[in-house]
Amino acid sequence: MLFLKNASLIGILIRGLFNINIYMYKAIDRSIVYLASNDVDLIKQKLRSVLLGKVSSNEIIFITQGGQNLQINDAYNALKAKVPKETAVIIETSGSTQKPKRAMLSAGALLSSAKYTQQALGGAGRWFLTLPLHYIAGLQVIVRSFVAQKDFIDLRGNKFNVLNFFNKFERFASKSERNYCSLVPMQFSALLEVAEQSKKFRELLLMFRAILVGGQKISTEITRRAKSIGVNLVTTYGATETSGGCIYNGKPIGNTEIKIDRLGKVQIATHGLAIGYLGEPKETNAAFKTDLNGKRWYLTNDIGELKSGKLKILGR
């Protein structure tokens, strides 16, 4: 594996979960190293260095989905863009409603989000990785584990499989420890269905102190069924631009604040806010605003309402 000793820009390219491909480009005094997302140990090592502040202000971790159509120009275009010195990680947004953007996140933002999660859940615990690392929810498992000072366990396989999930979790889980994981609704729904039919799998599912579910809307029927068997399901709302989930079960965590604008759109202020989008100042100015009190807000495209301080998303 090749790295430039004096490289000032380190990039991690997610190019499929299980294909190891490495690319390196050099422009002037900067280099980007692209590597596959399944090299978890290397990502963990680089991210740890960034979070500890052991790298120069120009070194960042660049995470993007990439894919089979990687172009050399993509690397150089990234180098041409101005990257604020506080940037620690660049990760693509999900692009669920529009073209993905490259969000620039500071180490402070990532750590704040992880600390708020730990506080909201009641304490440090062991995290189990189930999501790709080019998703902020997947990357935050590494950050939260860093904050908790515990190693995470990778439960992923070629594709999500309920039996493989439970079998691997059973090998590594401890009843004496706080076990946590983040899932998308489809994954949780599959686990719940099996747990409802099997006492063994139900007991394993109940070993999680909390299961965070976000990324898409989860049905009230699923939440009802989860509650009926005693699962501590925590629905999360957030974005790459907020360093992940910052609203749990409708309520803000940490220093997060919510407001609804005159068009009914949700706005969020939190220490986990992104710096902006790489090479897209116009889009950055449209998505992030500073109010008269100097507080910075992320303007989502989601329609919502606040009732007794609890957020409900009505649509997009």
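Reply: Gladly! Angles under 35 degrees count as roughly parallel, over 145 as roughly antiparallel, 65 to 115 as roughly perpendicular and the rest as oblique. Axes are lines fitted to C-alpha atoms, for helices over the stretch in contact, with angles from 0 to 180 degrees between N-to-C directions. Helices (H or I, at least four residues) and strands (E, at least two) are DSSP runs, numbered from the N terminus. This is a predicted model, where local features need pLDDT of at least 70, side-chain atom pairs count only at pLDDT 80 or more, and totals for chains, interfaces and linings use all residues. Residues are numbered from 1 along each chain as its sequence is written, and side-chain values use heavy atoms, leaving out hydrogens and water.

Me: At what angle do the axes of helix 3 and helix 4 cross?

Reply: They cross at roughly 75° and come within 9 Å, so helix 3 and helix 4 are roughly perpendicular to each other.

Me: Which residues of helix 3 meet helix 4?

Reply: Contact means heavy atoms within 4.5 Å. Leu110, Ser113 and Thr117 are among those in helix 3, and they face a group in helix 4 including Ile136, Val143 and Val147. The contact residues divide into eight nonpolar, four polar and two charged.

Me: Which residues of helix 3 are buried?

Reply: Buried means under 20% relative accessible area, exposed over 50%, partly exposed in between (1.4 Å probe, protein chains only). Among the buried ones are Ala107, Leu111, Tyr116 and Leu121. Just after helix 3, Gly122 takes a positive phi of about 95°.

Notes:
Ala, Val, Leu, Ile, Met, Phe, Trp, Tyr, Cys and Pro count as nonpolar, Asp, Glu, Lys and Arg as charged, and the others, Gly among them, as polar.
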